[in-house]
Amino acid sequence: MKNDYIPYPAVIESIIKESFDTKTFKVRFADKKIAKDFTYVQGQFMQVSLMGTGEAPISITSSPSRKGFLEFSIRSVGKLTKKIHELKVGDKMFIRGPYGKGHFPFEEIKGKNLVFVAGGIGLPPLRSLINLVMDNRKDFGNVKILYGCKTADEFCFKDELKAWNKTPNTEVLLTVDKKTDDWTGRVGVVTELWKDTDIKADNAVAFLCGPPIMIKFVVQKLEGSGFNDDNIIMTLERHMKCGLGKCGHCNVGDKFICVDGPVFTCAEVKKLPKKDGAM
Amino acid sequence: MIKKVINKSDISKLLKDANNEYNVYVPMEHIGGDVLFSVLSKEKNDFEDDIKRINLASEKNVNSPKDIFYPQLDTMMEYNDKGEIRETVENSKKLVFGVRPCDFHAIAHQDHFFSKNYQDKYYLSRRENSLIVVIGCNKPPRPNECFCTSVGTGPFLTEGYDIQLVDLGDYYLVEIGNEKGADFVNKHEKYFSDPYRDEIKHAESTKLEAEENINLKVNFNKALQIMKSEEIPQDNLERIAERCIECGACVYVCPTCTCFDVFDDMKCGEGVRCRIWDACVFSGYTKEASGHNPGAKKEFRAARRYEHKLKYDTLETGISGCIGCGRCLHSCPVDIGMSNFIKEITTNQKYH
C-alpha cells in the first residue's frame with residue numbers, strides 16, 4: 001500500500017524575491033524518476049514541508065505547460081514559511097502531492113474571454129492557469145487580469161505582469177489599498193477597477209483568489225456585470241494538515257476542500273453552509 | 001450461521017492461547033477503577049496479573065477501542081538531518097476481545113473513512129490483521145446515556161461481525177459471522193462446543209430483553225429530516241455555545257471522530273513527524289497562519305459537529321455517524337451530548 005503521507009525531497013533551483021514578504025521557489029524532485037513521471041493540473045496544490053519544522057499546503061504557481069519543475073510562491077507568515085524563506089539555492093524542501101480533484105478548467109474554457117481577479121497572495125494560485133493560457137494564447141479571447149494589494153510593495157511577478165500586459169488582447173490592471181510615495185498607479189480596492197475597464201459576461205469566465213472579504217465583493221460585482229455563478233470560479237484555502245481528506249481541518253459542509261476542491265464554482269460555494277465561512 | 005458455546009471459565013485459557021498468535025486487547029481494570037482496552041502482556045507473570053484484571057461485563061465507562069487502530073498520538077515517520085525518511089507503520093496481528101456492538105459500528109465507520117479517497121496506511125495496516133470479538137449488551141454500559149436502539153447500532157449486531165458473544169450467565173453463545181471468525185473458533189475448537197436448542201432460545205430472549213433495557217430513546221430520523229430541510233435553529237446553537245467550555249471531551253471519547261493535527265519534533269539531528277487527535281470544537285482548529293479563522297464562531301463549530309455526524313455521514317453511508325454510545329453526554333461537564341441535541345431539535349423541550 002502506498003503511503004501518501006511520505007514526502008519526497010526536492011532541490012531548490014532558484015529563488016526570486018517577489019515582494020517584501022514573498023519569495024518564489026523553483027524546485028525539482030531530487031529523484032530523477034519521480035521528477036520525470038510527475039504531472040499536475042493547474043489549480044492543484046502540494047503539501048510542502050521541512051523535516052523538523054512542519055508541513056503546509058502551498059498552491060503550485062507554475063504552469064503544467066512548463067515541465068520538469070515546480071514553483072511555489074510563499075509568503076513568510078508562520079513558523080514553517082519563515083524557515084522556508086531562510087533556504088538557499090541547492091537546499092532541499094520536502095513535497096508530496098499534487099492534491100485537489102477540483103482544479104481549474106482548461107479545455108472547457110478555450111475560445112472564451114477570461115477575467116482573473118486576485119488579491120494579495122491570491123495571485124500565485126491563479127498564475128498557474130494564467131501562464132497556461134499565455135502558452136496557448138491563440139486559443140482564448142481577451143484576457144483581463146485585475147490585481148489588488150494592500151500596498152505597492154506586495155505585488156508579485158512584477159516582470160510577468162508587464163509581459164502579460166504587452167501580450168495582444170491582454171490587459172493587466174493593478175490597484176493598491178493604500179498609496180505610498182513610490183506608487184503612481186490606481187488607489188482603491190480591486191472592485192474599483194470596474195471603473196477603468198469594461199468587464200463583460202458574454203462568453204466569459206472569471207477566476208478569483210483572495211481574502212474572503214474580497215471574494216464576497218468581487219462576486220457581487222461580477223454578478224452585477226451579468227456573470228452567472230457557474231462562470232465564476234474560485235480557489236479556496238484552509239489550513240489543511242494532510243491534503244488527503246483525513247485530518248478534517250478543511251471540512252466545509254459535506255466537502256473537503258483538499259479533495260473536492262480547492263477550486264469550486266461560485267454556484268458550488270453558495271450551496272455550502274454559510275456559517276462555515278466559505279465565502 | 002454457525003453457533004457455538006464457550007464457558008466463561010475457559011475465556012482466560014482461550015485468551016492465553018490467542019496471546020501466542022495475536023496482540024490481545026481486552027477491557028481491563030486500572031488503578032482508580034477505570035476499565036480500558038489494554039493489551040495483554042506477553043510476559044508470563046504479568047500476563048497472569050492482567051488476566052485477573054479483565055472485566056468483560058463492566059458497567060463502568062469503558063473507552064472505545066478506537067485508539068487500537070488509530071492511536072491518539074501516532075508516529076508517522078522518522079527522519080534525520082540528512083533527509084532520510086523512514087515510515088513507521090504497525091501491522092501486528094490483533095485480537096480485540098469484548099468490543100460493544102455500537103463500537104463495532106464505529107470501527108466500520110472508520111474502515112470506510114480511512115479507505116475512501118486516499119488509503120490511510122497507518123489505520124489500514126493496523127486494522128488489516130485484526131479479529132474482533134463483539135460482546136452484545138444485555139444491559140447498557142451507560143444506562144442513562146446509551147441510545148443505540150435509536151440509531152440502529154445495538155444492543156446486538158445482526159450482521160457484519162467476525163464473532164459475537166451473547167452473555168448467558170455462566171457461558172456465552174458464540175455467533176460466528178464470517179470465515180475469519182470461523183477460522184479462529186476452529187483453531188481453538190477445544191474451548192467451544194455445540195449449543196443446545198435451549199441455549200439458542202435463551203440467547204434470542206436475552207436479545208429481546210436487552211432492547212427493552214435501553215431506556216433512552218431519541219427520534220434520530222426526525223432530527224435527520226429537520227437537518228436535511230433547514231439549518232439548525234440559531235437559538236439552539238447559541239444555547240449550546242453558551243454552555244460549551246471547549247474541553248474537547250466529546251470528541252476525544254467519540255468512537256467515530258477522526259480529526260488530527262500533524263507536528264514535527266526534532267532533536268540532535270533525529271526527528272519524528274506525528275499525528276495527534278484534534279478537536280473541531282477548539283477555536284484554533286481552523287486558524288490559518290495569516291490569523292484568518294473561518295470557523296471562529298463557537299455556535300458554528302458546535303453545529304458542524306452535529307451536522308457532520310448526524311446529517312452528512314448518514315447521507316453518505318446510510319448509517320448515522322453518531323453510534324449512540326452516549327460517551328459524549330457521559331463525559332460532558334455541561335450536559336451537551338448528542339442525544340440532548342437530538343431531543344432539543346425534535347421536541348419543544350429545552351435540554352441545554
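Domain bounds here come from an automatic or database domain assignment. On that basis, chain A of this predicted model is divided into domain 1, residues 8-98, and domain 2, residues 107-235. The centres of domain 1 of chain A and domain 2 of chain A, taken over C-alpha atoms, are separated by 24 Å. To the contact between them, domain 1 of chain A gives 15 residues and domain 2 of chain A gives 15 residues. On the side of domain 1 of chain A that touches domain 2 of chain A, 10 residues are polar, three are nonpolar and two are charged.

Chain A contains seven helices and 15 strands. The C-alpha trace of chain A spans about 50 × 45 × 35 Å along its principal axes. Buried residues make up 48% of the 279 residues of chain A. When contacts in chain A between residues at least 6 apart in sequence are considered, 70% join residues at least 24 apart.

Helix α3 of chain A, residues 123-134, has 12 residues, of which 10 are buried, so the helix is largely enclosed by the rest of the structure. The buried residues in α3(A) include A:Leu123, A:Pro124, A:Pro125 and A:Leu126.

A:Gln220 is found in helix α5 of chain A, residues 212-224. A residue counts as exposed if 12 or fewer other C-beta atoms lie within 10 Å of its own; A:Gln220 has 11 such neighbours inside 10 Å and therefore counts as exposed. A:Thr191 is 29 residues from A:Gln220 along the chain, and the C-alpha atoms of A:Gln220 and A:Thr191 are separated by 9.4 Å.

Most residues other than glycine have a negative phi, and most peptide bonds are trans. A:Gly97 and A:Pro98 are joined by a cis peptide bond, with omega about 0°. A:Pro98 lies in strand β6 of chain A, residues 92-99. A cis peptide bond also joins A:Gly261 and A:Pro262, with omega about 5°. A:Pro262 is placed in the loop between α6 (257-260) and β15 (263-265) of chain A. A:Asn203, a residue other than glycine, has a positive phi, near 50°. The loop that holds A:Asn203 runs between β10 (186-187) and β11 (204-209) of chain A. A:Asn203 is exposed, with 11 other C-beta atoms within 10 Å.

Chain B is divided into domain 1, residues 2-213, and domain 2, residues 220-346. The C-alpha centres of domain 1 of chain B and domain 2 of chain B lie 26 Å apart. Their contact takes 29 residues from domain 1 of chain B and 26 residues from domain 2 of chain B. On the side of domain 1 of chain B that touches domain 2 of chain B, the elements giving two or more residues are β4 (73-80), α4 (101-115) and α6 (148-151) of chain B. That side of domain 1 of chain B has 11 nonpolar, 11 polar and seven charged residues.

Helix α12 of chain B, residues 298-317, has 20 residues. From its first C-alpha to its last, α12(B) reaches 28 Å, close to the 28 Å expected at 1.5 Å a residue. A kink of about 45° in α12(B) is centred on B:His308. B:Gly318 follows α12(B) and has a positive phi, near 85°. B:Asp335, a residue other than glycine, also has a positive phi, near 60°. The place of B:Asp335 is in the loop between α13 (327-331) and α14 (338-346) of chain B. With 10 other C-beta atoms within 10 Å, B:Asp335 is exposed.

The contact between chain A and chain B takes 30 residues from chain A and 34 residues from chain B. The side of chain A that touches chain B comprises 11 polar, 10 nonpolar and nine charged residues.

Terms used
Residues are numbered from 1 along each chain as its sequence is written. Chains are lettered from A and ligands numbered from 1 in the order in which they are written. This is a predicted model: local features need pLDDT of at least 70, side-chain atom pairs count only at pLDDT 80 or more; totals for chains, interfaces and linings use all residues. Two residues are in contact if their C-beta atoms, placed from the backbone, lie within 7 Å. Ala, Val, Leu, Ile, Met, Phe, Trp, Tyr, Cys and Pro count as nonpolar, Asp, Glu, Lys and Arg as charged, and the others, Gly among them, as polar. Helices (H or I, at least four residues) and strands (E, at least two) are DSSP runs, numbered from the N terminus. The expected span of a helix is 1.5 Å times one less than its number of residues. The bend at a residue is the angle between axes fitted to the seven residues ending there and the seven starting there. A residue is buried if 20 or more other C-beta atoms lie within 10 Å of its own, exposed if 12 or fewer, and partly exposed in between; C-beta atoms are placed from the backbone.
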